Amino acid sequence: MAEELDSFPFPQGPRGRPVEDYEHRLRECPLGNVRLQSGDVARLAVRYDDVVKVLSDQRFSRNLTYEGAPRQADGLDFTVDPDIIMNMDPPRHTRLRRLLAGTLTPRKVEEWRPRVRTMANKMIDGLDGPVVDVVSTVAFPFAVEVISEVMGVPGIDAERIRHWSDLLLPSGGLGIEEQTAALMEFAAYCVELIEQVRHLPGDGVLQTMIQARYEGDRLTDDELVRNTIGMFLAGHETTGSVLSRAFLRLLAPREHYDRLVAEPGLIPSAVEELLRVEVPGDGAPLRVALEDVELASGTIRKGEAVVASFVGPNYDPAIYDAPRELRLDRDEKAHLTFGRGVHFCLGANLARMEMQELIGAFVDRHPDLSLAEDPDEVEWTDSAFKRPSRLLLNLR
């Protein structure tokens, strides 16, 4: 018989809050085993210092291409595709990271801020109130529009992108045939986009990826297509999900939103706090120890699989005072929502800026914004990125 272990990812608590499993593991078993969706067993690191080590130490490998390697989920799994940057170890990862490093620098993201601010205000101008679903009419359309603008391909087919994303992200309900078909369609679409912009001037990320060189090297066609898909998926699905969660958190109770209306200068720190507490999906991609590695909480043995939690360290009481409280002016150690080490999220600066601009536009344009439904009755998705299926807001 298979060992009885907690299944991971853990379910959500009310209003998307972490379940008590995290508190138990933080106190009692910070490196305990869990059973993944694939049926494989892995160690789950939940304490802040342990997770930083797992994410930063190159003795934990992302190369899961060998025979018998553990898997996080059944079916099509992007976390094992060897041509996507998040699944590479140095030195191959180093080469590709350097090719992409110039595409989303803080300076470039700041150059895009005026355009993103205009998008946020146009999005609000187009709302047909008095009640709107912020998930389907704001959070995701805004995230898709921004990533298409930043990629340098405005006017992409947002509905198809959303459809392919829903099929490709693990949800437990789709077969590999349907996922494979979606991937092939998405890849063909990205090939068309690449051909459209290959010889056009522009400063978008896709143009930069096409032209990128490092020591005479450049992205292969396959790397270009796979990482274009990855950037579209990561660039809108995660941001749209965390924005959907953020509006619920700010408006239930509404005192948080009222404070931002009174003190809009708090928006940057509020965004960091929302990123800490409203992680839409838990667990960095699976890693395997290349040798025995000592962590603060114990030893990961050579060959063992380990998952670095994001929720656990972001709620670690050794790091954060009253970690379950939302404190818009919190000034404590940086959260780990964007990871750490060589795989730190390339789009972190962009995601922060998007959230700042959209939340700031709502605070400025709709100071009386409120929920139009009971927060405890909000329905949630059951996909890899957990968020409200819809969230009704009163604009006035």
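**Notebook: cis prolines, a sheet and a helix pair**

I began with Pro253, which I found in the loop between H9 and H10. The model I am reading is a predicted one, and I keep that in mind for each entry below. What joins Ala252 and Pro253 is a cis peptide bond, with omega at about 5 degrees. I then went to Pro91, whose place is in the loop between E3 and helix H3 (92-100). Here too I noted a cis peptide bond, this one joining Pro90 and Pro91, and omega is about 5 degrees. I wrote these down because most peptide bonds are trans, and most residues other than glycine have a negative phi.

**Entry on positive phi**

Is Arg15 buried, partly exposed or exposed? I noted it as partly exposed, because its relative accessibility is 24%, and the buried class would need a value under 20%.

Ala322 was my next stop, and I located it in the loop between H12 and H13. Although Ala322 is not a glycine, it has a positive phi of about 45 degrees. I recorded a relative accessible area of 25% for Ala322, so it counts as partly exposed.

**Entry on the sheet**

E1 and E2 make a hairpin with 5 residues between them, and in its turn I noted Gly39, which has a positive phi of about 100 degrees.

E2 itself covers residues 41-45, and as 4 of its 5 residues are buried, I put it down as mostly covered. I also found E2 pairing with strand E8 (residues 305-308), in the parallel sense and over 3 bridges. Looking across this pairing, I saw Leu44 opposite Val307 in E8, while Arg43 stands opposite Val306 in E8.

In what order do the strands of the open sheet come? I wrote down E1-E2-E8-E5-E3, which is an open sheet of 5 strands with mixed pairing. E1 and strand E3 (60-61) are at the edges, and each has a single partner strand, so one side of each is left without a neighbour in the sheet. I then noted that helix H2 (residues 48-56) packs on the sheet, where it touches E2, E3, strand E5 (287-289) and E8. The direction of H2 makes about 120 degrees with that of E8.

**Entry on H11 and H13**

Two packed helices are described by the angle between their axes and by the distance between the axes, so I looked up both values. For helix H11 (residues 267-277) and helix H13 (residues 348-365), the axes come within 9 Å and cross at roughly 115 degrees. I noted the crossing of H11 and H13 as right-handed. From H11 the contact is made by Ile267, Pro268, Val271, Glu272, Leu274 and Leu275, and from H13 by Arg352, Met355, Gln356, Ile359 and Gly360. Sorted by class, this contact has 7 nonpolar, 2 polar and 2 charged residues.

How many residues of H11 are buried? I recorded 8 of the 11, so H11 is largely enclosed by the rest of the structure. The buried ones are Ile267, Ala270, Val271, Glu273, Leu274, Leu275, Arg276 and Val277. I checked what these buried residues pack against, and found helix H9 (221-251), helix H10 (255-262), helix H12 (311-314) and H13.

**Entry on cysteines**

Last, I searched the whole structure for disulfides and found 0. Cys345, for one, is in no disulfide, and the nearest cysteine sulfur, which belongs to Cys190, is 18 Å away; a disulfide would need the two sulfur atoms within 2.5 Å. I noted Cys345 as partly exposed, because its relative accessible area is 33%. Cys29 is also partly exposed, with a relative accessible area of 24%.

Key. Residues numbered from 1 in each chain as written. Predicted model: local features only at pLDDT ≥ 70, side-chain atom pairs only at ≥ 80, totals over all residues. Heavy atoms only, no water. Buried < 20%, exposed > 50% of the residue type's maximum accessible area, 1.4 Å probe, protein only. Helix = DSSP H or I, 4+ residues; strand = E, 2+ residues; numbered from the N terminus. Pairing = 2+ DSSP bridges. Contact = heavy atoms within 4.5 Å. Axes fitted to C-alpha atoms, helices over the stretch in contact; angles between N-to-C directions. Left-handed = near helix turned anticlockwise from the far one by under 90°. Nonpolar A, V, L, I, M, F, W, Y, C, P; charged D, E, K, R; others polar.
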